[in-house]
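Thank you all for making time this morning. I would like to walk you through one structure, slowly, so please have it open while I talk.

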Amino acid sequence: MHELSMANAIVKTVLDVAEKNQAEEILDVTIEIGKLTMLNPEQLRFLLDVLKEDTLLEGAEIIIEEIPVEIKCRACGYTGSTTLDDSDHYLMIVKCPDCDERNLEILSGQECNVKNIRVEKPD
Ligand SMILES: [Zn+2]
């Protein structure tokens, strides 16, 4: 299950950072999810809520930012956002909106990062 392994990795990353910073409490965590990762943000949030129990993350607010897909078309040079044909869940097709070309450079939309962690430190 895609979302579960991702959620596990996020929790581990955040707790590692918190530990290195001697955090007493994690206030909030911002996570960037590119549309092309095919991660379901609601499902990810649900799993994070389960996994954060009994950890430093327990009281933290989870903020999920979805990153839209941006492409550069190798055929016509179009650069910008595009819409996804995700009618087939297992094969997401990205096409140039101008010329329908599928020979593209993906500029964004593949992110899956912990972007920001705010912690409470002891004085
Ligand atoms: Zn094009």
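Let me begin with a question: what covers the buried residues of α2? Before I answer, please keep in mind that this is a predicted model. The cover over those residues includes α1 (2-20), β1 (25-34) and β2 (61-67).

Now to the helix itself, which spans residues 41-51 and whose buried residues are Pro41, Leu44, Leu47 and Leu48. These four take up an arc of only 125° around the axis, and therefore they sit on the same side of α2. If you turn to the face of α2 that points away from this buried side, you will find the exposed residues Glu42 and Phe46. Glu42 also takes part in a contact at the start of α2, where its backbone nitrogen has a side-chain oxygen of Asn40 within 2.9 Å.

Let me move on to the metal site. The zinc ion is coordinated at 2.3 Å by the SG atoms of Cys73, Cys76, Cys96 and Cys99, and along the sequence these donor residues follow the spacing C-x2-C-x19-C-x2-C.

Why do we call the arrangement around the zinc ion tetrahedral? We do so because the four donor atoms subtend angles of 105 to 114°.

Conventions. Residues are numbered from 1 along each chain as its sequence is written. This is a predicted model: local features need pLDDT of at least 70, side-chain atom pairs count only at pLDDT 80 or more; totals for chains, interfaces and linings use all residues. Side-chain values use heavy atoms; hydrogens and water are left out. Donors are N, O and S atoms within 2.8 Å of the metal (3.2 Å for Na, K and Ca); water is not among the atoms, so sites may look incomplete. Four donors count as tetrahedral if all angles lie between 85 and 135 degrees; four count as square planar and six as octahedral if opposite donors are over 155 degrees apart and all others between 65 and 115; anything else is irregular. Buried means under 20% relative accessible area, exposed over 50%, partly exposed in between (1.4 Å probe, protein chains only). Helices (H or I, at least four residues) and strands (E, at least two) are DSSP runs, numbered from the N terminus. The arc is that of the directions from the helix axis to the C-beta atoms. Contact means heavy atoms within 4.5 Å. A polar contact is a pair of N or O atoms within 3.5 Å; within protein, one must be able to donate a hydrogen and the other to accept it, and residues adjacent in sequence count only if both atoms are side-chain atoms.
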